[in-house]
Amino acid sequence: MFSPGLFVLKMHSLQSSDWKEATRHSYPSLSHFPPVWMVMVLLNHVWEHFKEYESTALSKNNCPPPIAKVKGKGKGKGKGKFVATVPAFLKQPFCTILQAKMAQILAPTSQWQMRITKSSIPSSPMTGKMWSSLVLKQNKKGAIKGSKFRVFASKYEDYTINRVEDLLNLDITPYTDKIIAEYIWIGGSGIDVRSKSRTISKPVEHPSELPKWNYDGSSTGQAPGDDSEVILYPQAIFKDPFRGGNNILVICDSYTPQGEPIPTNKRHKAAQVFSNQKVIDEVPWYGIEQEYTLLQSSVKWPLGWPVGGYPGPQVVFLFNVVPVQPTMFVFIGPYYCGAGADKSFGRDISDAHYKACLYAGINISGTNGEVMPGQWEYQVGPSVGIEAGDHIWASRYILERITEQAGVVLSLDPKPIEGDWNGAGCHTNYSTKSMREEGGFEVIKKAILNLSLRHKEHISAYGEGNERRLTGLHETQNINKFSWGVANRGASIRVGRDTEKEGKGYLEDRRPASNMDPYTVTALLAETTILWEPTLEAEALAAQKIAMNV
C-alpha cells in the first residue's frame, strides 16, 4: 500500500505584469494565476514500481516533450530572476488538475478515470500493472528548480469493465473442484427473493448433499432481533446461468433453529399436500403462466412508455349498431405478441431469461409479449407436484438478476397501471391423471364444482392486490363472482376447446395474481380437487348455481 507524502514547491513571486508577460505566449491559460505557494501531492513510492515504464510508457501514450522554460524578473527584497521548469502537458491550469485529483491520489481506487479537457494530451488504456491516476516524480537531485514531473493519464473505465467481465466469465473448473452455491429463499414480504453464496468442496447432484445454512431473519422481516437466526434447508438445485461451470442455484425454505417452518415458508405445507398418497396417485400436472411488467428504473413507469405519458391504446372498440340489438366488438391492439420498436419493449430481457432458464434446467415452455406494452409472460410446465413451485421461484430469481443487470425494474404487481390496461396474472393450468384419461371431462367438471364452493379460500390465497385486477374487465371475472366456461377468458375457470372436444384434458384457473405464491396455489388446487369432499347438498346447490350438470 502506498503512503502519500507531501513536498512544497516555492515559486518566487513576480509582479503581476511579469507573470502575465511570462505566460502570455506559451501558457496563456496560466496568465491569470498569480504566483503562489503550491502544495502538490506525491506518492512517494509509486514511481519505483513503474520504472520499467519510464522510457517507454510516455512515448506510447504520445506525451509531448516534458520540459518548457518560462523566465521572468522579480523586484523587491528576495525577488530575483525567476526561472521555472514547467511540464509541457500543463497547457491547462495545473492548479485545476491538482485540485480535481487530490482526493483520488490520497484514496486510490480501481475505477479512476481522468477526465481532461480536449486541449490536454491524448491518452490510451494502460496495462493492468499501471495506475489510472496522476503520478508525480520529484527530481532525484531534490532541487526545486528544474524539477520534472511525469503524468500517466489513461481512460481506465473501458479497461476496468473488460477486466471485470473477464473475471465474471472465468471458468474455475480446470483449477479447483470447488463450486459456488447460491442459496435462494423467499423474504418476509412473501414475494421478494433473497440469496447469498457459499463455497462447496465439490460438485453435487442432489440437495441432500448440501449443508444447511442460516441467515439474519431480523434483516428480512422474518425474525426478531434478539433471536434472529433462521435456518435454510436446501430443497432443489438448478445450474447457475450466471457463473456457469458446475456452480449451482439452490432453492431453500426457511425454519427456526428448532426445526419449525417460519410463517413465510409456504413450501413446507405444500410438500405435505403433495406427499399425500391420494395426491401422489393422481400425478397432478401444472402449467403456470407468469406475467410480469418491466419498469424504467428512474421513474417506475413501464418500459417503452413516455415518461408521465401513455402509448397508444391496448384495445380498440367497434360498435355495430342495429335497431334490435347493438353489438360491441373488442379488438386487441398491436402489443400482444407484437413485433417492432413501437410495439415490443423489453424483448432482449425476455429472450435472455428464456435461455437462462433452459440452461438452468427450469421447465420453461414458452414466452410472449402481453396485451399491455412493457408486459411479458413466460410459461413453466408441465411440472409435477412441488416441482412447479420450485421452478417458478427459480425462474423469478433468474428474471430478477437479469433485470438487475439490465437496469430495469421487475414488477409482479397485479395491476401496475390503473385504468384501461390489462393487469398481470399467473394463470395456472391444472390436471390430474383422472382428468387426462377417458371420461376426464366429467372429473374436470366435478373439480370446478369444488373450486366454486371454496372460491373465497382460494381468492384469499391468490395474491395481494388482486382486487384491483379482478374487476370483471380486461379478461377477468369479478373477484366476488365465480364462473366457468369453454374458451371464455372472462371466466374464473376456463376450459379449452380441445378438452371439451376430446372429453379429457385440463382446466385453467385464471384467478391467481402475478405475485401469487406458487407453492400455495398449486397445493390448494390439489387439496380442493383431490382431498376435499363437499357435502352432497352443497355440491347440488353449487351445480345449480353455476349451471353445471354433473
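## Salt bridges in the model

If a salt bridge is taken as a side-chain nitrogen of Lys or Arg within 4 Å of a carboxyl oxygen of Asp or Glu, the count comes to 15 salt bridges. This is a predicted model, in which local features need pLDDT of at least 70 and side-chain atom pairs count only at pLDDT 80 or more, while totals for chains, interfaces and linings use all residues. Residues are numbered from 1 along each chain as its sequence is written, and side-chain values use heavy atoms, with hydrogens and water left out.

## A link between distant parts

Arg 468 and Glu 418 form a salt bridge with an N to O distance of 3.6 Å. This pair links distant parts of the chain, 50 residues apart, since Arg 468 lies in the loop between α11 (455-460) and β17 (484-486) and Glu 418 in the loop between β15 (408-411) and β16 (428-431). Helices (H or I, at least four residues) and strands (E, at least two) are DSSP runs, numbered from the N terminus.

## A pair within helix α12

Glu 500 and Arg 497 also meet in a salt bridge, at 3.7 Å from N to O, and, being three residues apart in helix α12 (residues 497-502), they are separated by about one helical turn. Arg 497 is exposed, with a relative accessible area of 55%, whereas Glu 500 is partly exposed at 38%; here buried means under 20% relative accessible area, exposed over 50% and partly exposed in between (1.4 Å probe, protein chains only).

## Helix α8

Of the 20 residues of α8, 15 are buried, so this helix is largely enclosed by the rest of the structure. After α8 comes Gly 407, whose phi is positive, near 75 degrees.
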